[in-house]
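Subject: Structure handover

Hello,

Here is the structure for you to take over. My notes on what was found in it follow below.

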Amino acid sequence: MDSLFVLNEAGTFLVEKHYGVRTPRDACAPLLRRLLSENVCRTKNASRLSSSSKGAASLPRVMKGGRGTVLLHVYHNNLLLVGVTTKEVEPLLLLDLLQQMQSTLAGYCGTAASSLPPALRGISVSDLPITEETLRKQFSLIYVLLDEMCSSGYPATVQSNVLQMLVPRPSVVEAAMKLVNGSSRVLSSLAASFGLGGVAGPAAERPGGQRGRPALESEAGAGMGCGSGSGEGGGISGAGSDRWWRRGNVRYASNEVYVDLVEAIQAIVDVDGKMAHASISGTIQMNNRLSGLPELCLTPRNPALLKDASFHPCVKLLRFKRDGVLSFCPPDGDFVLASYWLCDSKFTLPLSLSGSVSFPALPASKAPLPTPHSVSFREGPSASLSGRFELRLAPFCPVGASASPGAAAAGAASLVNSTTMENVVVSLPLPAFVDGATATASCGTIRYLHSSSCLLWEVGSIAFDAPTQKAEGTLTLVAEEAERVDVLSPCETTLVASARFLIKSWLPSGFKLDSLDVSNINIPPYKGCRYSTVAGSVEFRLDSRSR
């Protein structure tokens with residue numbers, strides 16, 4: 001990556017960082033033009049669009065830039081992190097680096113605005129908001145982080161534990177002291193000169209006749225070589241250390257370790273209700289709050305499910321291949337221990353979605369040519385046409401096949417204990433010639449979103465033994481669509497509904513953990529484990545026809 005730019009939705013450059021030859025700003029001209037066109041469309045349709053319109057979120061992640069460059073960007077909270085490159089690189093590598101930069105900036109800037117760490121507030125670090133105001137307040141900190149995370153355009157220090165050793169997190173107390181009394185370094189020096197705060201002043205001498213050095217309140221790099229490696233003085237870059245991912249001097253009043261197994265379902269169901277494609281992507285997430293240098297051993301019941309998995313560098317791969325257990329010295333805090341992927345099109349989804357959408361057919365005498373530029377629905381000046389839709393949602397307990405023998409029965413048995421499916425939401429994008437909808441639902445609420453031109457059915461929680469839920473209503477069509485160029489006739493329209501849900505205490509693959517052993521620690525820790533399944537990308541193709 002040659003350069004990094006941080007822009008807002010208006011196209012204003014907020015942060016600019018170059019890792020090699022300086023890239024002119026006009027290299028981002030194609031992206032700025034797309035942003036401008038999005039803003040113009042939102043202004044023209046302000047009467048129909050709400051403030052929640054996607055805008056820059058709909059831009060392609062990779063596009064050709066000016067001066068022979070390629071632009072890659074990630075979008076977060078109305079801000080775009082744009083990476084510029086002139087060389088042949090793997091796009092996913094740069095996109096992953098930009099995503100890690102966004103998560104790191106969110107963690108540092110978000111933590112500075114709150115007295116509680118993100119883990120205690122129950123939200124993910126990457127979900128903390130980054131605004132223009134936080135960028136201005138933490139301007140110098142952001143440039144230090146960008147320097148550490150990327151060196152000469154290549155990913156460098158991206159591990160959160162190592163970054164916290166090099167660049168301490170700002171706290172509310174330090175920010176208040178800087179605001180009222182100046183910087184913490186000056187305040188510590190003043191306190192040391194008067195012998196306050198348990199710090200020896202510059203004139204104070206130790207018993208050995210040596211002058212005491214004022215201890216700064218927060219010093220970058222503190223604890224880098226104190227116990228984080230294999231011995232005293234171990235470094236963080238691999239020289240003298242085999243645990244560079246864990247920071248040193250970790251101390252907790254109570255030892256705790258939590259394991260979260262999350263599996264996301266990707267599936268496509270055709271009009272006949274048959275599974276066209278299905279796969280499962282899972283992650284083993286851990287929240288480690290253990291003192292010292294603990295050794296953990298995680299024993300999975302079905303290690304064969306981790307055949308196509310990527311592990312954290314702390315995992316000892318030789319022991320996993322030999323014994324089928326995950327042995328590691330964990331990083332401090334939240335991290336992903338392993339990510340795995342299963343391709344299985346035979347398991348049954350925990351819900352089914354079917355329905356139909358009908359549009360009025362054009363008269364044969366006035367049917368236009370089947371081109372997007374000549375579609376018109378009305379026969380006269382006072383014609384008013386409308387369509388109808390019907391959605392049917394049925395939850396049930398799946399007992400499908402899985403990746404290993406016996407896992408299906410275990411998955412179905414655990415699903416019986418979870419009696420409800422939570423956060424169920426159905427989204428149905430509609431064509432451009434639909435201007436509104438009037439709908440009713442037997443469960444939850446359903447509404448039409450003008451911002452994204454889709455129907456949103458928020459079901460909420462639903463029991464597995466509940467009857468089939470139904471939503472139906474009418475669609476209001478735009479009277480004159482001949483002037484539009486992005487519309488298709490009803491006979492060419494295909495509708496795809498997507499579903500989101502959350503199921504606790506159940507995994508479709510049947511993956512289980514037998515035990516979690518913790519050693520090399522003085523106080524026995526509290527251990528917790530939970531399972532959950534979410535909908536990654538679950539799509540149902542609906543029957544759309546003309547009547």
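A residue counts as exposed when its relative accessible area is over 50%, and as buried when that area is under 20%. Please keep in mind that this is a predicted model.

Two loop residues

Asn-520 has a relative accessibility of 56%, so it is exposed. Asn-520 lies in the loop that runs between strand S22 (513-519) and strand S23 (526-546). Its phi is positive, about 60 degrees, although Asn-520 is not a glycine.

Arg-67 also has a positive phi, near 60 degrees, and is likewise a residue other than glycine. The loop that holds Arg-67 is between strand S3 (62-64) and strand S4 (70-76). With a relative accessible area of 59%, Arg-67 is exposed because that value is over the 50% limit.

Strand S20 and its partners

Which strands pair with S20 (residues 469-477) in the antiparallel sense? One of them is strand S15 (residues 386-395), which is joined to S20 over 8 bridges. Within S20, Gly-473 is the residue opposite Phe-389. Another is strand S17 (residues 434-441), where the antiparallel pairing with S20 covers 7 bridges.

Thr-440 is part of strand S17, and its bridge partner in S20 is Glu-472. Thr-440 and Glu-472 are 32 residues apart along the chain, while their C-alpha atoms are separated by 5.8 Å. Setting aside neighbours within four places in sequence, Thr-440 is in contact with Lys-470, Ala-471 and Glu-472, and also with Ile-446.

Is Thr-440 buried or exposed? Its relative accessibility is 52%, so Thr-440 counts as exposed. On strands in general, side chains in a regular strand alternate between the two faces of the sheet.

Cysteines

How many disulfides does a search of the whole structure find? The search gives 0. For a pair to count, the two cysteine sulfur atoms would have to be within 2.5 Å. As for accessibility, Cys-150 has a relative accessible area of 2%, so it is buried. Cys-443 has a relative accessible area of 18%, and it is buried because this value is under 20%.

That is what I have to pass on.

Regards

How values were computed:
Residues numbered from 1 in each chain as written. Predicted model: local features only at pLDDT ≥ 70, side-chain atom pairs only at ≥ 80, totals over all residues. Heavy atoms only, no water. Helix = DSSP H or I, 4+ residues; strand = E, 2+ residues; numbered from the N terminus. Buried < 20%, exposed > 50% of the residue type's maximum accessible area, 1.4 Å probe, protein only. Pairing = 2+ DSSP bridges. Contact = heavy atoms within 4.5 Å.
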